[in-house]
Structures are given as C-alpha cells and as structure tokens.
Amino acid sequence: MGDRTVTYSPAFTLVPTYECFNRCTYCNFRRDIGSSGWLSVEAAAKQLAALDSEHVREILILSGEVAPNSPQRSQWLERLYELATLALDCGFLPHTNAGPLTRAEMAYLKQVNASMGLMLEQLTPKLLHTVHRHAPSKDPQLRLRQLEQAGELGIPFTTGLLLGIGEEPEDWAETLTAIAECHRRWGHIQEVILQPHSRGQRQEEALLGFDLSQLPQLVSWARSLLPQDITIQIPANLVTQHKLLRACLEAGARDLGGIVPLDHVNPDYPHMDIDQLRTQLQAWGWELVPRLPIYPQFLDWLPPVLRRRVPQGYC
Ligand code: SF4
C-alpha cells in the first residue's frame, strides 16, 4: 500500500435483531424487546443472494443485544452463528458486532468470523449516569475486558471511540491509551474508529454532539498515541464536510470503514456513491482501494476453514 492509499470495506449489513435490552439515549438503531422480531436465516439468504459477490466482501452482522440472563440468549447466539455460516457459504467474510459476549460465546463465534468488533466508546464511568443510565452493557470496564478477551482468543478486532456523547476532550486520551495498552499485550487491534455521534431522527435525547471541526486534530492526536500498526478509521458518511474529510486523511486516517447501502446505526447519513468518493479522493491525491474485514497481517490467525474463503489477490 502506498503512502497515499485509503481503504474501505465493500460491505453489506445483516441485522439479526434491532431489539436491544439497553436504551442508550442517543441510539437511532434500537427497537423495544418483542416489537420487531428476528431475522430468519431464510430471509437473510434472500438478501445475500441479491448481492454482487464480486464487489461485496464483508457481511457485517450487527445486532441489538439480548440480556446476558435472558432465556433467549442461547437462541440469539445460535442465530448469530447461523447467519455468519450462511455468509461464509455464500462466499463472503463475516464480521460480527453484537455487544459484550462471554468468553465461551466469543470463542464460538470466532469459528465463523474473519474478525469481530465492539466500540469501547468512552472509558469514563460518568456516562453511566447520563446517556448510558439505562444501558448496563455500556459499563466501560466490561467493554475493556472484551478487548482483552478478544486478544486472549486471538481474534482480529475492531474497536473505537464514540465522540460527543457527553465526554470531555480529556477523556479521549484515557480511552485511546487503554486501547493502545491492550494492543501492546495481544497485537490484535486492527483498527480504531473515531466515530462522531451524529444526531438522527429516532434518538430519545438530543445531545450537543461532536464538533466535527475538532476531528482532524483528534486524528492526529490518536495517531501519536496509538501503535503504528493500528489503522485509524473515519466513517466517511459522518464527516459531511469534504474539507474536514480531507484534513482527517492528511492527519493520519487511512480507512473509511464499511461502505454499505444503509448505515443502520446512522440511517440519516447515507454514504456517498463509491465512484464519486473515489474521484473526490483522487482529486486530493489519494487512492481509494477495497479491503477485507480482516487486515492482511492477521490472515495467518484464521483457522484453515476460514482462510480458504479469503479471495485470491488478498492472500
Ligand atoms: S447504541 Fe447499541 S447498545 Fe445502545 S441501545 Fe442502541 S443498539 Fe442497544
């Protein structure tokens, strides 16, 4: 990869369920338990059959959470496994992000995922009294332990910061430092997303949000705090001013995340057409290239059955 290369993942999202036992006040994704049902394997198969498998590589399995003590938890886990297996059978590489998992659950899903992810969001516990007051799985120590657990299990992992949810700028360093320390122990963090909270139509509480003009400086700061082998990702659809996107690249961001038909977490923010985005970046002197949901340096971590699914040219 050249110095002026930016990656993205051509992706499609399967949502096993929008139902979530947490109620983060800024969420534009969740539905109440019992209100919207679960995605069946048959319905998912129809969605995947309609995809251009030459173009799409990643199936992001993004789920609302079933409470750890719920009698439905094992059924939900099984559905996550079945959907990832389906994606593999259809020629795609799955990446699951379904909230905190037990060690056994994570080890189970590892068998059918190229990589996994969980946003650390922010380490400061004060958010448990504000935006996360009805979200037990947003306990920052629980989430930090997930990163550690992924490292112990040898799972290539994506994490990140959610910005503008009530934290102070001084909180960012604590969160970035914790990610860096975990990566130094296990070497498994492939990318860190710097994701500005972007106000949507469905959220319960209007937040001040994140001042996007601060993002390039934060990218630069994160670049200095994180180990060099961790890529910094900026979701291109959330950086709505082109000059700021360009400044983020110049500051050290090198990935634009999954480019999907619909960003289910931020449904009010569509992605730019990929050809237009590529042309825009070219005009700034950047080359946009597709990547897999697993970064090349982690391919040897995959069990043989998954390694065989990696398309030629990426090995
Ligand atoms: S942000 Fe995630 S954990 Fe929080 S309510 Fe929404 S879906 Fe659930």
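Helix H4 (residues 140-153) and helix H5 (residues 169-186) have axes that come within 9 Å and cross at roughly 15°. H4 and H5 are therefore roughly parallel to each other, a label for angles under 35 degrees, while over 145 is roughly antiparallel, 65 to 115 roughly perpendicular and the rest oblique. The model is predicted: local features need pLDDT of at least 70, side-chain atom pairs count only at pLDDT 80 or more, and totals for chains, interfaces and linings use all residues. Residues are numbered from 1 along each chain as its sequence is written.

**H4 and H5**
- The contact is made by Leu 144, Leu 147, Glu 148, Gly 151 and Glu 152 of H4 and by Ala 178, Ile 179, Cys 182, Arg 185 and Trp 186 of H5; residues are in contact if their C-beta atoms, placed from the backbone, lie within 7 Å.
- By class, the contact of H4 with H5 has six nonpolar, one polar and three charged residues (Ala, Val, Leu, Ile, Met, Phe, Trp, Tyr, Cys and Pro count as nonpolar, Asp, Glu, Lys and Arg as charged, and the others, Gly among them, as polar).

**H5 and H6**
- The axes of H5 and H6 come within 10 Å and cross at roughly 35°; axes are lines fitted to C-alpha atoms, for helices over the stretch in contact, and angles run from 0 to 180 degrees between N-to-C directions.
- The crossing of H5 and H6 is right-handed.
- From H5, Trp 172, Ala 173, Leu 176, Thr 177 and Ala 180 meet Leu 218, Ala 222 and Leu 225 of H6.
- This contact of H5 with H6 has seven nonpolar, one polar and no charged residues.

**H6 and H7**
- Helix H6 (residues 215-225) and helix H7 (residues 242-251) have axes that come within 8 Å and cross at roughly 15°.
- H6 and H7 are therefore roughly parallel to each other.
- H6 contributes Leu 215, Pro 216, Val 219, Ser 220 and Arg 223 to the contact, and H7 contributes Leu 244, Ala 247, Cys 248 and Ala 251.

**Ligand shell**
- Around the ligand are Cys 20, Asn 22, Arg 23, Cys 24, Cys 27, Phe 29, Arg 30, Gly 64, Glu 65 and Ala 135 (a residue is near if its C-beta atom, placed from the backbone, lies within 6 Å).
- The shell around the ligand has five nonpolar, two polar and three charged residues.

**Whole chain**
- The chain has nine helices and nine strands, which are DSSP runs numbered from the N terminus (helices H or I, at least four residues; strands E, at least two).
- Along its principal axes the C-alpha trace of the chain spans about 50 × 50 × 40 Å.

Note on methods
Contact = placed C-beta atoms within 7 Å. Left-handed = near helix turned anticlockwise from the far one by under 90°.
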